[in-house]
Amino acid sequence: MRRLVAETQLSVNDLIAPLFVKEGIEEPLPIVSLPDVVQHSRSSLVTEVERLRDLGVPAVMLFGVPLRKDSMGSEAWNPEGIVQVALEELRGAVGDDVVLMADLCVDEYTDHGHCGIVGDDGDVDNDATLELYQRAAVAQAAAGAHVVAPSGMMDGQVAAIRAALDDASHSTIPILGYSAKYASAEYGPFRDAVDVSIAGGGDRKSYQQDPANAREAMEEIRFDIAEGADMIMVKPALAYLDIIAAARAEFDVPLAAYHVSGEYAMLKAAAVNGWIDGEATAFEHLTSIKRAGADMILTYLAGEVAEILAG
Ligand code: PBG
């Protein structure tokens, strides 16, 4: 009876698996703060994406961990850069059977860890950064990304990327905007996963959103859609279910939510201690994110949830 009347169904079709690929390693490396998540080598990444494909997971989101970082993050658009090389190999291995999404930002590639060019005043220079994102978008599309996903929260980034993709004959590549991305404490484990620390103990409060603000998120999403975003995202997820629900009510484009590294780490830490039932909690969390209105969920749980759903 409960199955019959359930208003929300969590399905494998809802899942996007975030994956990390690190340059210059032969074997995958564990990430201490993200149990069961690894920094992949190029070959283990291909094996993992083939496994996810076989489980029916429709999409992955790729993050690169380069050997070389500089002030501009130039490995983000180097055709030989780790994400570009990985995209080419994945496209060769799985073709169009898995949607290959590429996180588009420079924080994994800059030596100061910020999402853009840092000016003399120590602040990120919004407008100067847009050109870097344009280069990265074109490089990712040329390497085989099906979708580019700008996560830097620079104003005007979607319009800039759309123009650059169109000029480079990539007009069919959609943009998934990390539109309402909060300056959250829940990204901590992610920064271990991508070997990032922000210079001088800094933070991203000058470009990511204040958790106190909800109406502002609607404004950010409205801008992104007006600039050409094909899909939008709210991030993190559980502490922002009100934002997901409000975005669902107001906008008709596909809506993603990111169940981020800290949300996963908290769940795993409690489960490993036997303080909560990890599997039941995972399903409760993801079902709630869907109930709030998300069409798709980026989650480090994607592989294990897909396995359970497959029975
Ligand atoms: C930026 C980016 C971040 C995450 C995804 N893209 C980090 C940040 O904004 O500080 C965090 C994802 C997570 O915590 O799981 N490239």
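**Ligand site, cavities and pockets of the predicted model**

Pro236 lies in the loop that connects strand 8 (231-235) with helix 8 (241-250); helices (H or I, at least four residues) and strands (E, at least two) are DSSP runs, numbered from the N terminus. A cis peptide bond, with omega about -10°, links Lys235 to Pro236. The phi angle of Asp36 is near 70°, a positive value in a residue other than glycine. Most residues other than glycine have a negative phi, and most peptide bonds are trans.

The structure is a predicted model, in which local features need pLDDT of at least 70 and side-chain atom pairs count only at pLDDT 80 or more, while totals for chains, interfaces and linings use all residues. Residues are numbered from 1 along each chain as its sequence is written, and side-chain values use heavy atoms, with hydrogens and water left out.

The ligand is surrounded by 18 residues, the closest being Lys181, Arg191, Lys235, Ser261 and Tyr300; a residue is near a molecule if one of its heavy atoms lies within 4 Å of it. This shell consists of seven nonpolar, three polar and eight charged residues. In this classification Ala, Val, Leu, Ile, Met, Phe, Trp, Tyr, Cys and Pro count as nonpolar, Asp, Glu, Lys and Arg as charged, and the others, Gly among them, as polar. Of the 410 Å² of accessible area that the ligand has on its own, the protein covers 100%, as computed by the Shrake-Rupley method with a 1.4 Å probe.

The largest cavity is the space taken by the ligand, and contains about 110 Å³ of space. Its lining comprises 16 residues, of which Asp107, Lys181, Phe190, Arg204 and Lys235 are closest to the centre. Strand 7 (176-181) and helix 6 (188-193) each give two or more residues to this lining. The second largest cavity, of about 30 Å³, is lined by Tyr187, Phe190, Lys235, Tyr258, Val260, Ser261 and Tyr300.

The largest pocket holds about 270 Å³ of space. Among its 17 lining residues, Asp36, Val37, Glu48, Arg51 and Tyr300 lie nearest the centre. Strand 1 supplies the largest share of this lining, four residues. The lining divides into nine nonpolar, three polar and five charged residues. The second largest pocket, with a volume of about 170 Å³, has a lining of four nonpolar, four polar and four charged residues, including Asp123, Met153, Ser206 and Glu220.

Methods:
1 Å grid on protein atoms, 1.4 Å probe; cavity = no way out; pocket = protein on both sides within 12 Å on 5 of 7 lines; lining within 4 Å. Sits in = over half its atoms within 2 Å of the grid points. Points joined across faces, edges and corners; volume = space filled by probe spheres on them.
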